[in-house]
Amino acid sequence: MLPSNRNRQQPRAGRSWSFSEMDFSDPKRKPRFLSKLVMLAFLTAMCILMLTHPQYHSSCPSVFAVHEPGVTHVLVTGGAGYIGSHAALRLLTDSYRVTIVDNLSRGNIGAIKVLQKLFPQPGRLQFIYADLGDAKSVNRIFSENAFDAVMHFAAVAYVGESTLEPLRYYHNITANTLVVLEAMASHGVRTLIYSSTCATYGEPEKMPITEETPQVPINPYGKAKKMAEEIILDFSKSTDLAVMILRYFNVIGSDPEGRLGEAPRPELREHGRISGACFDAALGIIPGLKVKGTDYETPDGTCIRDYIDVTDLVDAHVKALDKAQRSKVGIYNVGTGKGRSVKEFVDACKKATGAHIKIDYFPRRPGDYAEVYSDPTKINRDLNWTAQRTDLLESLRVAWRWQKLHRSGYGPPLAATI
């Protein structure tokens, strides 16, 4: 609401004002009354204009700052990234109110623009450019917005890079999660969906991996995520926080309708997902695909992973949000329950793209492990979630359609096909 004393002249000393004093038949008072009506109409029109034009939101009370019955307002950290943007899309499609916070160090402003175009209505989506490492900024964001829940995706997430820059990973993942939790505690936000990883398990002796499998991470990425989990669990013991921790496996695919995709920064291709490298090789962006490690104790010597489609993954997050309960913690593996080797993956990528992909073989990547796949029994039982998109070839075909139209990531789409 606009301040009640804005642009209002102070009444003369010793005289009180009331509506009963406004004698409409008095010609001396009529002009003053009409001027007030005109001013009121002008201010009302300006407020309506501001509410219907995003660039003016800061001048009027924001719907994002108010808890609205029947509307769940979710803060999505890292919502400009690959997984975070797909999660935001799903939440918006399901009529959640969404605030995305991202510093764009790994995310894409193009993904934000796609979401803004799809959901332009006031009160649906807002984007805030901020770094979760800045505690003052994070606290201000929480104080200015009425969040009902947090989906915490924001993180650097490359195993190889984590072995080269461990301090960056501990700061970005572990320390930043602490900042988010402190802000949640200060502002009464009581639901957290945490994006974790199977890397917290390390290289277990037995497969498949269950939620009870010992967590013995072997690289800084997994260690940082495990530390963040421990902080969350310790904090939850002394509060009524509703917590869902989702440890997911290797993510592939993209939005089936072609609205979003995976667009890593060029300088990060060396550390990125195998799907991105396959597509880059198929597009001729890189000369070939580098397969790191051919001497693992697996049937074909290459690593075995559990590949989960991003659409299934965000469905698990939404179901976790729906099932989250105060003072309770849920920990779930999110995977298909089936392992595929890197060689199998590369063969599927060749079929999906129809391109000749040159394969170069290299020694093992530091901090990597031979075989990892999930047992999804618990999430099937508790959240009624089962991976639906388990056809590896089809997931790659869907992702490839977006990639070949977006050779420059979220730049202008290309009409040509390969």
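What percentage of the 418 residues of the protein chain count as buried? In this predicted model, the answer is that 48% of the residues of the protein chain count as buried.

**The chain as a whole**

- The accessible surface of the protein chain comes to about 20,900 Å², and carbon and sulfur atoms account for 54% of that surface.
- Among contacts in the protein chain with a separation of 6 or more, 79% are made by residues 24 or more positions apart.

**Helices α8 and α10**

- Helix α8, which covers residues 274-283, and helix α10, which covers residues 342-353, have axes that come within 10 Å and cross at roughly 40 degrees.
- The crossing in which α8 passes α10 is right-handed.
- On the α8 side, the residues that take part in the contact are Ile274, Ser275, Cys278, Phe279 and Ala282, and they meet Val342, Phe345, Val346, Cys349 and Thr353 in α10.
- Sorted by class, this contact of α8 with α10 has 8 nonpolar and 2 polar residues, with no charged residues.

**Helices α2 and α9**

- Helix α2 (residues 82-93) and helix α9 (residues 310-323) have axes that come within 9 Å and cross at roughly 60 degrees.
- This angle makes α2 oblique to α9, and α2 passes α9 in a right-handed crossing.
- From α2, the residues Tyr82, Ile83, His86, Ala87, Arg90 and Leu91 meet a set in α9 that consists of Val310, Leu313, Val314, Asp315, Val318 and Leu321.
- By class, the contact of α2 with α9 has 9 nonpolar residues, together with 1 polar and 2 charged residues.

**Backbone features in loops**

- The peptide bond that runs from Met207 to Pro208 is cis, with omega near 0 degrees, and Pro208 lies in the loop between β5 (191-197) and α7 (220-237).
- Ser95 is a residue other than glycine with a positive phi, near 75 degrees, and its place is in the loop between α2 and β2 (97-102).
- With a relative accessible area of 55%, Ser95 is exposed, because the cut-off for that class is over 50%.
- Leu104, also a residue other than glycine, has a positive phi near 65 degrees, and Leu104 is placed in the loop between β2 and α3 (109-118).
- Leu104 has 18% relative accessibility and therefore counts as buried, since buried means under 20%.

- Gly337 is found in the loop between β11 (329-334) and β12 (340-341).
- The relative accessible area of Gly337 is 29%, so Gly337 is partly exposed, a class that lies between the 20% and 50% cut-offs.
- Although Gly337 and Asp306 are 31 residues apart in sequence, they are 6.8 Å apart in space, C-alpha to C-alpha.
- Leaving aside residues up to four places away in sequence, Gly337 touches Asp306, Tyr373, Ser374 and Pro376.

Methods
Residues are numbered from 1 along each chain as its sequence is written. This is a predicted model: local features need pLDDT of at least 70, side-chain atom pairs count only at pLDDT 80 or more; totals for chains, interfaces and linings use all residues. Side-chain values use heavy atoms; hydrogens and water are left out. Axes are lines fitted to C-alpha atoms, for helices over the stretch in contact, and angles run from 0 to 180 degrees between N-to-C directions. Helices (H or I, at least four residues) and strands (E, at least two) are DSSP runs, numbered from the N terminus. A crossing is left-handed if the near helix is turned anticlockwise from the far one by less than a right angle, and right-handed if clockwise. Contact means heavy atoms within 4.5 Å. Ala, Val, Leu, Ile, Met, Phe, Trp, Tyr, Cys and Pro count as nonpolar, Asp, Glu, Lys and Arg as charged, and the others, Gly among them, as polar. Buried means under 20% relative accessible area, exposed over 50%, partly exposed in between (1.4 Å probe, protein chains only). Accessible areas come from the Shrake-Rupley method with a 1.4 Å probe; for residues, only the protein chains shown count as cover. Angles under 35 degrees count as roughly parallel, over 145 as roughly antiparallel, 65 to 115 as roughly perpendicular and the rest as oblique.
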